[in-house]
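Biologist: I am new to this structure and would like to learn how to read its features one by one. Could you take me through them slowly?

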Amino acid sequence: AHAWGYAANNGPDKWVSNFPVADGPRQSPIDILPGGASYDSGLKPLRLKYDPSNCLEILNNGHSFQVTFADDSDSSTLKEGPISGVYRLKQFHFHWGACDDKGSEHTVAGTKFPFELHLVHWNTKYPSFGEAASKPDGLAVVGVFLKIGDANPSLQKVLDAFNNIRAKGKQTFFADFDPKTLRPGCLDLDYDGSLTTPPLLESVSWIVLKEPISVSPTQMTRFRGLLFTGEGEAPCCIVDNYRPPQPLKGRQVRASFK
Ligand SMILES: NS(=O)(=O)c1ccc(C(=O)NCc2ccccc2F)cc1
Ligand SMILES: [Zn+2]
């Protein structure tokens with residue numbers, strides 16, 4: 001079977017044939033109606049603690065690019081918020097559109113953002129990311145929307161690394177990046193969901209931050225220059241690497257704010 005992707009022949013509508021959980025009860029992303037979220041006064045503020053020296057590399061995996069972190073210690077962790085225990089940062093990556101009117105995976109009352117950042121963490125009660133990824137409380141992903149506006153200086157460091165990872169499979173050393181600089185305010189919307197790409201495992205506590213951060217149009221176009229394809233292949237830019245919202249199936253979204 002050809003690998004999954006985002007094209008007409010291998011995109012989100014086709015994933016269910018190889019990954020039947022695509023039609024499961026807690027799939028992601030979803031359309032979030034803030035009015036429909038229930039304020040949970042018991043929610044403590046999310047605690048992100050990242051050590052930039054844990055940053056290892058940046059790589060183009062053919063679906064997006066990701067910045068991978070060393071996760072052999074508790075120096076870059078996520079705590080509190082809707083989760084219990086300590087979750088370690090494994091990687092962050094983005095989803096984006098071919099143009100500015102789409103690109104995010106989660107939507108807010110139908111509104112799409114041009115980009116969505118995912119900070120992926122795994123529950124240290126399990127021995128590894130791979131183990132945690134198959135448990136209902138194994139993963140926690142923080143979703144941050146990006147909108148067009150002023151340039152984002154901390155993001156520029158990531159973009160400057162793109163020249164070395166334009167083609168699929170390329171990776172390069174990438175150090176001293178603190179993703180906390182990418183965190184807007186603390187209006188969180190939380191719900192139980194899944195990975196938004198195959199294997200679509202239903203193991204993710206989603207923490208979607210309501211307030212977007214800004215990136216400039218120039219910075220945005222840099223993302224769209226990355227290639228799905230490997231070197232020597234006809235170049236195909238990574239765009240529209242997002243899964244559309246999935247049925248809520250009775251799930252409750254909790255808000256950390258009134
Ligand atoms: N877009 S997202 O929901 O934030 C998302 C986060 C991580 C993955 C991932 O790690 N896949 C590979 C993978 C999956 C399961 C076990 C091991 C793996 F490497 C996929 C999607
Ligand atoms: Zn993602």
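Modeller: We will go through the metal site, the pockets and some of the strands in turn. This is a predicted model, in which local features need pLDDT of at least 70 and side-chain atom pairs count only at pLDDT 80 or more, while totals for chains, interfaces and linings use all residues. Residues are numbered from 1 along each chain as its sequence is written, chains are lettered from A and ligands numbered from 1 in the order in which they are written, and side-chain values use heavy atoms, with hydrogens and water left out.

Biologist: Which residues coordinate the zinc ion (ligand 2)?

Modeller: A donor is an N, O or S atom within 2.8 Å of the metal (3.2 Å for Na, K and Ca), and sites may look incomplete, since water is not among the atoms. Here the zinc ion (ligand 2) is coordinated at 2.0 Å by His 93 through NE2, His 95 through NE2 and His 118 through ND1. Along the chain, the donors have the spacing H-x1-H-x22-H. His 93 belongs to strand E7 (residues 87–96) and His 118 to strand E9 (residues 115–123), so the pair ties together parts that are 25 residues apart in sequence; strands (E, at least two residues) are DSSP runs numbered from the N terminus.

Biologist: Why is the arrangement around the zinc ion (ligand 2) called tetrahedral?

Modeller: Four donors count as tetrahedral if all angles lie between 85 and 135 degrees. The 4 donor atoms around this zinc ion subtend angles of 100 to 116°, which makes the arrangement tetrahedral.

Biologist: Are His 93 and His 118 buried or exposed?

Modeller: Buried means under 20% relative accessible area, exposed over 50%, and partly exposed in between (1.4 Å probe, protein chains only). His 93 is buried, with a relative accessible area of 13%, and His 118 is buried at 1%.

Biologist: What lines the largest pocket?

Modeller: Rolling a probe the size of a water molecule over the atoms shows where empty space is left. On a 1 Å grid over the protein atoms alone, a pocket is an open set of points where a 1.4 Å probe fits, with protein on both sides within 12 Å along at least five of seven lines, and lining residues have an atom within 4 Å of a point. The largest pocket is lined by 21 residues, and those nearest its centre are Gln 91, His 93, Val 120, Leu 195 and Thr 197. E7 gives the most to this lining, with 3 residues, and E7 and E9 each supply at least two.

Biologist: How should I read strand E5 (residues 65–69)?

Modeller: In a regular strand the side chains alternate between the two faces of the sheet. In E5, Phe 65, Val 67 and Phe 69 point one way and Gln 66 and Thr 68 the other way, and all are buried. With 5 of its 5 residues buried, E5 is largely enclosed by the rest of the structure.

Biologist: Which strand joins E5 over 5 bridges, and which over 3 bridges?

Modeller: Two strands pair if DSSP finds at least two bridges between them. Strand E4 (residues 55–60) pairs with E5 in the antiparallel sense over 5 bridges, with Ile 58 opposite Val 67. These two strands, E4 and E5, form a hairpin with 4 residues between them, and Gly 62 in the turn has a positive phi of about 85°. E7 runs antiparallel to E5 and is joined to E5 by 3 bridges, and there Thr 68 stands opposite Gln 91.

Key
Tetrahedral: all angles 85-135°; square planar, octahedral: opposite > 155°, others 65-115°.
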